[in-house]
Each structure stands twice: as C-alpha cells, then as structure tokens.
Amino acid sequence: MLVPSRRRLRLEVWIVLGLSLGQSAVYSVVQLLDKMTRAPLAEGTSTLNRSQSTREYFDLTYQLLDIIFALVPVLLVLYFLTDQRQAVPGKAGNSGSAFRKLGFNFARPGKDLLQGLGLAALIGIPSLGLYAAGRALGITTAIIPSALDAYWWTVPVLILSAVRHAVLEEVIVVGYLMDRFGKFGWSMPLAIAVSSVLRGSYHLYQGFGPFIGNAVMGVVFAWLYTRTRRVMPLVIAHALLDIVAFVGFSLFGKAVGLG
C-alpha cells in the first residue's frame with residue numbers, strides 16, 4: 001500500500017471536517033452573526049441540549065439518533081488512521097490500531113483517570129470565571145446547558161451527550177488533526193494553534209468568551225497530547241466537564257458556562 005500524499009491527506013482532512021466539526025464551525029459563525037445583528041450578545045441565549053419532540057419516546061429516539069450519527073465521523077477517522085499495512089486480522093491492539101496510535105484505549109486506566117480529573121479541575125474552575133466575565137462584558141450569551149424535559153431517561157441521555165461531545169472533539173480535533181498536521185510538515189506550535197482555533201470557532205455561537213476559553217483549553221489539551229500521545233485523559237476530562245454542566249443544570253436549574 002502506497003503512503004498517501006500530502007495532497008490526498010489534505011483532501012481527507014477537509015472531508016472529515018466538512019462532515020463534523022468544520023461544518024459546526026461554519027454554522028457557529030453564521031449563528032453568531034445572526035445573534036449579533038438581532039440584539040446585543042448579552043441578551044442572547046445558547047441552548048446546548050434541546051427537546052426535539054413533545055412526545056416523550058420520539059424525543060428519546062431523536063436524542064439517541066443524534067448521538068449515534070454524530071459519532072460516525074469518529075469511526076471514519078479511526079478507519080483512516082488504521083495502518084492497513086501493519087494491522088493483523090483478529091489481533092486487537094496491534095501496531096496498526098488507530099486506538100493504540102491515539103492512546104484511545106484502556107491501557108492505563110488509573111493514570112488516565114487521574115489526569116482526566118486533574119484536567120477537568122484545571123479547566124473547569126477558570127471556565128466559570130471566564131463565563132461570568134464574558135456575561136459582565138456583554139460578549140457571551142446566556143448558556144443553557146439543557147432544555148430537555150424531565151423524563152426518566154433525561155440524565156442518562158445527557159451523560160451520553162457529554163461523552164459524545166468528548167469523544168468527537170478530542171479524537172478529531174486533537175488526535176486526528178495533530179497526526180495529519182504532523183504529516184503535512186507543520187511545526188508543533190502551528191499545529192496546536194490551528195487545532196485550538198478550530199475548537200474555539202465551533203463554540204462561537206455562544207459568544208466570544210467561550211471562543212477564547214475553548215481555544216485556551218485547546219492549547220492545553222493539544223500540548224498535553226504531544227507529550228503523552230494519549231487522547232483518553234482528554235476525553236475523560238471533557239466528558240466530566242460536560243456531565244457536570246449538563247446534568248447539574250438539569251437537576252438544579254443553575255446555568256453554568258461549560259460545554
């Protein structure tokens with residue numbers, strides 16, 4: 001099998017982003033412009049988890065379908081990253097595995113969990129302060145982490161939604177893009193900067209505060225990935241942040257600026 005050319009890899013990256021977070025970034029910019037031309041950002045709202053039907057089990061079905069189909073680009077990325085020349089059928093975890101290449105596995109659960117908890121604390125607490133500052137400055141919308149109706153499945157679906165966001169963003173924006181940017185011959189600072197700006201851009205619909213906060217988060221996460229070559233601690237940290245935001249708001253009705 002021939003090694004893909006840089007031109008082919010660039011096309012691959014555009015396709016992946018066009019099907020996933022690049023598409024989200026474009027919509028986010030348009031939504032931001034829409035909100036800014038209607039009223040001051042401080043008067044706007046951003047709802048992260050919406051009900052999609054007034055009928056309970058249709059709403060549940062829509063929520064689960066959204067989660068499932070949102071993860072398809074992750075499967076595409078894992079397929080692209082699997083080295084078919086080295087993959088051995090029937091042997092999980094071999095050198096051709098994309099899971100092993102990204103560190104997206106359970107090879108070191110204890111250490112990954114501790115790093116994830118530490119990252120969640122490092123990012124989460126300042127994020128609350130940045131949200132408050134953004135609201136005070138009028139550059140951040142009011143963020144509503146969940147507007148789902150209260151059903152027996154609401155909390156489990158919010159947890160699945162948080163995990164979906166964590167896997168989608170960390171596997172694609174950090175693991176996949178850092179691998180591809182390296183193959184483009186980009187320097188590490190440039191690769192980290194582009195990855196981080198992309199992360200911030202698909203949060204622009206929430207305002208400029210979340211753009212800045214998520215871009216900074218992207219720098220920290222991408223830098224750590226270059227040191228450890230493991231995406232699992234990032235997935236854990238991101239999932240924890242979103243679970244606290246989504247479930248906390250759903251249960252206690254208090255807005256928190258995460259997600």
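**A predicted model in questions and answers**

Modeller: In this predicted model, Arg-229 is found in the loop between helix 9 (208-228) and helix 10 (232-252).

Colleague: What is the phi of Arg-229?

Modeller: Most residues other than glycine have a negative phi. Arg-229 is not a glycine, yet its phi is positive, at about 55°.

Colleague: Which residues have the most contacts inside the largest nonpolar core?

Modeller: This core has 45 residues. Helix 7 (residues 154-183) gives the most to it, with 11 residues. Those with the most contacts inside the core are Leu-102, Phe-104, Ile-172, Tyr-176 and Leu-234.

Colleague: Which residues is Leu-102 in contact with, leaving aside its neighbours within four places in sequence?

Modeller: Leu-102 is one of the residues with the most contacts inside the largest core. Its contacts beyond those neighbours are Leu-78, Leu-81, Val-171, Gly-175, Tyr-176, Tyr-225, Arg-229, Arg-230 and Val-231.

Colleague: Where do the buried residues of helix 4 lie, seen down the axis of the helix?

Modeller: Helix 4 (residues 72-81) has the buried residues Pro-73, Val-74, Val-77, Leu-78 and Leu-81. Seen down the axis of helix 4, these buried residues fall within an arc of 145°, so they line one face of the helix.

Colleague: Which exposed residues does the face of helix 4 turned away from its buried side carry?

Modeller: The buried side is covered by elements including helix 1 (6-19), helix 3 (56-70), helix 5 (98-102) and helix 7. The face turned away from that side carries Leu-75 and Tyr-79.

Colleague: Is Glu-12 buried or exposed?

Modeller: Glu-12 has its place in helix 1. Leaving aside neighbours within four places in sequence, Glu-12 is in contact with Phe-80, Tyr-176 and Arg-180. Its relative accessible area is 11%, and the cut-off for this class is under 20%, so Glu-12 is buried.

Colleague: How many Å apart in space are Pro-4 and Lys-183, C-alpha to C-alpha?

Modeller: Pro-4 lies in the segment before helix 1, and at 41% relative accessibility it counts as partly exposed. Pro-4 and Lys-183 are 179 residues apart in sequence, while their C-alpha atoms are apart in space by 9.8 Å.

Colleague: Which element gives the most to the lining of the largest pocket?

Modeller: About 1,000 Å³ of space lies in the largest pocket. Of its 31 lining residues, Ser-24, Leu-48, Arg-164, His-165 and Tyr-205 lie nearest its centre. Two or more lining residues come from each of helix 2 (21-36), strand 1 (45-47), helix 3 and helix 7. With seven residues, the element that gives the most is helix 2.

Colleague: How many Å apart are the end C-alpha atoms of residues 60-81?

Modeller: The unreviewed UniProt entry places the feature "transmembrane region" at several spans, including residues 12-30 and 60-81. Residues 12-30 are 95% helix and 0% strand, with end C-alpha atoms 24 Å apart. Over residues 60-81 the chain is also 95% helix and 0% strand. The end C-alpha atoms of residues 60-81 are apart by 33 Å.

Notes
Residues are numbered from 1 along each chain as its sequence is written. This is a predicted model: local features need pLDDT of at least 70, side-chain atom pairs count only at pLDDT 80 or more; totals for chains, interfaces and linings use all residues. Side-chain values use heavy atoms; hydrogens and water are left out. A nonpolar core is a set of buried Ala, Val, Leu, Ile, Met, Phe, Trp, Tyr and Cys residues joined through side-chain atoms within 4.5 Å. Buried means under 20% relative accessible area, exposed over 50%, partly exposed in between (1.4 Å probe, protein chains only). Helices (H or I, at least four residues) and strands (E, at least two) are DSSP runs, numbered from the N terminus. Contact means heavy atoms within 4.5 Å. The arc is that of the directions from the helix axis to the C-beta atoms. On a 1 Å grid over the protein atoms alone, a cavity is a set of points where a 1.4 Å probe fits but cannot get out, and a pocket is an open set with protein on both sides within 12 Å along at least five of seven lines; lining residues have an atom within 4 Å of a point. Grid points are joined across faces, edges and corners, and a volume is the space filled by probe spheres set on the points. UniProt positions are given in the numbering used here, feature names are shortened, and annotations may be inferred rather than shown by experiment.
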